[in-house]
Amino acid sequence: MEWKNFDLLESYKKLENISPVEIKELMAGENGAKRVREYQLPMGAGQLYSYAAEPVDDTILDVLQGLADEAELIEKYEQVYNGAVVNTGENRRVLHQLTRGQLGEDVIADGVNKREFYVSQQKKAAEFAEKVHAGEIVNEAGEKFTTAVQIGIGGSDLGPRALYMSLENWAKVNNTLKMEAKFISNVDPDDGSAVLASIDLSRAIFVLVSKSGTTLETLTNESFVKEALIKAGLNPAKHMVAVTSETSPLAGNPDYLDSFYMDDYIGGRYSSTSSVGGVILSLTFGPEIFARILNGAAEEDILAKNKDIRQNPAMLDAMIGVYERNFLGYSNTAVLPYSQAMIRFPAHLQQLDMESNGKSVNRFGEPVSYQTGPIIFGEPGTNGQHSFYQLLHQGTDIVPLQFVGFKKNQMDNDIVIQDSTSQQKLNANVAAQIMAFACGKEDENRNKYFAGGRPSSIIVGEQLIPEALGAILAHFENKVMFQGFVWNVNSFDQEGVQLGKLLAKKVLAKETDGALTAYSELLGIF
Ligand SMILES: O=P(O)(O)OC[C@H]1O[C@H](O)[C@H](O)[C@@H](O)[C@@H]1O
């Protein structure tokens, strides 16, 4: 198996010379209908990935299949889940898939069977959550905890928060919301203050999450919360658990009610299915619901083993994305869930994708001479339609769009107005948008003219339930991984976040000069 730069592959040349297709033509009339019915494949949890409105035909798909084969994507994926040190920059394995299933061989690292370790932590979190729910672990006054507050940032916040928000209302309707969750992430004191003001502190359990145990924001917020607890006459040691890696400075501290572990083989942005998401989600929804999220993710991980891109939704999505990024010149991707519950999902995908593939050097530290990860942004539909879709329809940049939609809403409340429910209106909009973007509209008035030819895909599910959510989460993780393989970058480190941290420390230590001193003055820091 070889790790080669993308532009050294035969498929790169083929893709450079391939004639692009016109979505506008392909999607028109009865041919378009046939395409929508055919250009789809099953995803995990009974969902479908539809790519009819993407700029591909069978010829291009064959070349993309050739690319997947030539870049040895499946072999590289096998290396990942069998425990190879693919995060070369940090000399680490990459094992997040093992948090939700056994995909290959046992991975024994540092004398430990890693899958067994992750499962043991899941069990520990499940038992802890059950004791909290049963009132066996209670506050100083013997009362049950009612709120779980996660303190963490980046991967220790975004994924778990997106998952929680995606299922909060569903859980309420299905009577499985055991506790409410809140999240404190920003070092902005107003973030912590607002959350603390919104809860009954005496009934709150804080889940301190930091893989490294050294993140300034999280440690600051831990102190912020501890001070509030002490001021309220409460004992912080009775209100806080920690989730961290066994090698971090937070590990093994008796000042927490309990500690749960992940390890250095789980990257922050890939950690939602480890204890990082497991503790808060088991506390709030119950361990069974967290297990259902894992099952959905596991289904998707298994699908991702398929060599045939027409049977492997994550790999197909990844290869279409590479084609759009490197050969059609599209530098952004919008994520547009037509589900209000998924409001924080685009933020999670921003970290997942941009922190993974926002690189200019290959995995050996050599500069690459092609584009890598796109800029990711998004907002739930239909809200986005009334905001930035103007640029998407008529702007000078073409932005590939990733829609997500569900046939049924989550809550048992909808009304018929003018012959349609709100859910029907929501889905009518996503169908309309896909076609408007693809086919556009002729008009003599150039201001009202829509060029069309704007590509999109859509993930369609029955309802946003735990399995569906887990499958969508893993779909994007695997997509990003496959793209990183093609670009030959290390998708599992993030050196680009370090410089800013270093300079912030200098500012706080008053060790600045030049313009940094001037900015410190401008911001009134000292
Ligand atoms: O979990 P922690 O070690 O506190 O890290 C939290 C986050 O901070 C870092 O700066 C990285 O950019 C993220 O990848 C990480 O998720």
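A backbone N or O atom of lysine 211 lies 2.8 Å from an oxygen atom of the ligand, a polar contact being a pair of N or O atoms within 3.5 Å. The model is predicted, so local features need pLDDT of at least 70 and side-chain atom pairs count only at pLDDT 80 or more, whereas totals for chains, interfaces and linings use all residues. Residues are numbered from 1 along each chain as its sequence is written, and side-chain values use heavy atoms, with hydrogens and water left out.

- A polar side-chain atom of threonine 215 lies 2.5 Å from an oxygen atom of the ligand, and one of glutamine 351 lies 3.4 Å from an oxygen atom of the ligand.
- Of the accessible area that the ligand has on its own, 390 Å², the protein covers 87% (Shrake-Rupley method with a 1.4 Å probe).
- The ligand is surrounded by 15 residues, and the closest are Ser156, Ser210, Ser212, Thr215 and Glu355; a residue counts as near if one of its heavy atoms lies within 4 Å.

**Domains**

- The domain assignment, which is automatic or from a database, gives domain 1 (96–292) and domain 2 (498–526).
- The C-alpha centres of domain 1 and domain 2 are 32 Å apart.

**Largest pocket**

- A pocket is an open set of points on a 1 Å grid over the protein atoms alone, where a 1.4 Å probe fits, with protein on both sides within 12 Å along at least five of seven lines; its lining residues have an atom within 4 Å of a point.
- The largest pocket has a volume of about 1100 Å³, a volume being the space filled by probe spheres set on the points, which are joined across faces, edges and corners.
- Its lining has 40 residues, with Ser212, Thr215, Val497, Gln498 and Lys501 nearest the centre.
- Domain 1 and domain 2 each contribute at least three residues to this lining.
- Helices α9 (216–231), α13 (345–357), α17 (498–508) and α18 (514–522) each supply at least two lining residues; helices are DSSP runs (H or I, at least four residues) numbered from the N terminus.
- The most comes from α17, with seven residues.
- The lining comprises 13 nonpolar, 17 polar and ten charged residues; Ala, Val, Leu, Ile, Met, Phe, Trp, Tyr, Cys and Pro count as nonpolar, Asp, Glu, Lys and Arg as charged, and the others, Gly among them, as polar.

**Second largest pocket**

- The second largest pocket holds about 480 Å³ of space.
- Its lining has 22 residues, with Ser339, Gln340, Ala341, Asn409 and Gln410 nearest the centre.

Key. A polar contact is a pair of N or O atoms within 3.5 Å; within protein, one must be able to donate a hydrogen and the other to accept it, and residues adjacent in sequence count only if both atoms are side-chain atoms.
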